[in-house]
Amino acid sequence: MEKKLVILASGTGSNAKKIIEYFQDDPEVGVALVISNRKNAPVLDMARDFGIETLHISRSFFYDSKDILRILEDRKIDFVVLAGFLWLIPAYFVEAFAGRMINIHPALLPKYGGKGMYGMNVHRAVKEAGEKESGITIHHVNSKYDEGDIIFQASCSLEQTDSPETIAKKVQILEHQHFAPIIKQLLKEFGERQ
Ligand code: GRF
């Protein structure tokens, strides 16, 4: 495996799973580690089932020490992927992986982003606003929620009959379709620049 990814996730990890599967037979890229802030997050079980190393981190470990950098360095991690990770990334971590850390957001940023805008909160807000479309945004990570430079967006049209739940389904299809190929593309560009 040439380029190594770490995925940070807080929940189910359906995106993490797609990424792991996508790179499973790729000789150039692989998921080397999955980290969660929730000890019992299903994403950790899923990763273990694939034989991938997992790590649970506490709030103080993440915010009061920089030990995570040592762990990533030891494993020679090149790239950080946030896939439903709900904690804000501290400045030391953003700086260490500047240009090498991305997030996926289940809406068309800059709309429907920021603190508290995650999961069904996003889709409910989109529905309440009567939006005619929603979608996904893949963006660089900085120290503010959902404000890093946008790398890629894809949209889906919404009908009046759509509920927050059906919006979530439409958006998830886009996430599963695009996230891993965009990571692959970024790593390719990144490799070419080196
Ligand atoms: C996704 O909707 C992603 O956009 C957001 O968190 C959700 C994670 O879902 N950042 P899953 O755990 O990958 O199923």
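**A residue in the sheet and its surroundings**

Modeller: His105 lies in strand β5, where strands (E, at least two residues) and helices (H or I, at least four) are DSSP runs, numbered from the N terminus. The model is a predicted one, so local features need pLDDT of at least 70 and side-chain atom pairs count only at pLDDT 80 or more, while totals for chains, interfaces and linings use all residues. Residues are numbered from 1 along each chain as its sequence is written, and side-chain values use heavy atoms, with hydrogens and water left out.

His105 is buried, because its relative accessible area is 2%; buried means under 20%, exposed over 50% and partly exposed in between, with a 1.4 Å probe and protein chains only. Leaving aside residues up to four places away in sequence, His105 touches Tyr112, Gly113, Met117, Val122, Gly135, Ile136, Thr137, His139, Asp146 and Glu175, a contact being heavy atoms within 4.5 Å. Ala168 is 63 residues from His105 along the chain, and the two C-alpha atoms are separated by 12 Å.

His105 is also one of the residues around the ligand, together with Thr12, Gly13, Ser14, Asn15, Gly84, Ile104, Pro106 and Glu175; a residue is listed there if one of its heavy atoms lies within 4 Å of the molecule. Gly13 has a backbone N or O atom 2.7 Å from a ligand oxygen, Ser14 has an N or O atom in its side chain at 2.6 Å from a ligand oxygen, and for a backbone N or O atom of Asn15 the distance to a ligand oxygen is 2.8 Å. Of the 370 Å² of accessible area that the ligand has on its own, the protein covers 80%; these areas come from the Shrake-Rupley method with a 1.4 Å probe, and for residues only the protein chains shown count as cover.

To place His105 in the fold, consider the sheet. Seven strands form an open sheet in the order β3-β2-β1-β4-β5-β6-β7, with mixed pairing, and two strands are taken to pair if DSSP finds at least two bridges between them. The edges are held by β3 (53–56) and β7, each of which has a single partner strand, so one side of each is left without a neighbour in the sheet. On average, and with direction ignored, neighbouring strands of this sheet are turned by 20° against each other; axes are lines fitted to C-alpha atoms, for helices over the stretch in contact, and angles run from 0 to 180 degrees between N-to-C directions.

Strand β5 (residues 101–105) pairs with β6 (residues 133–140) in the antiparallel sense, over four bridges. In β6, Thr137 is the bridge partner of His105, and His140 is that of Ile102. Because six of the eight residues of β6 are buried, this strand is largely enclosed by the rest of the structure.

His139 also belongs to β6 and counts as buried because its relative accessibility is 2%. Not counting residues up to four places away in sequence, the contacts of His139 include His105, Met101, Ile102 and Asn103, and also Asp146 and Ile151.

Beyond β6 comes β7, which pairs with β6 in the antiparallel sense over seven bridges, with Cys156 in β7 as the bridge partner of Ser134. Ala154 sits in β7 (residues 150–157) and is buried because its relative accessible area is 11%. Among the residues that Ala154 touches, residues up to four places away in sequence not being counted, are Ser134, Gly135 and Ile136, as well as Leu174 and His178.

On another part of the sheet, β1 runs parallel to β2, and six bridges join them. Five of the six residues of β1 are buried, so this strand is largely enclosed by the rest of the structure. Helix α4 (residues 67–74) lies across β1 (3–8), β2 (29–36), β3 and β4 (79–82), at about 155° to β2.

How values were computed: A polar contact is a pair of N or O atoms within 3.5 Å; within protein, one must be able to donate a hydrogen and the other to accept it, and residues adjacent in sequence count only if both atoms are side-chain atoms.
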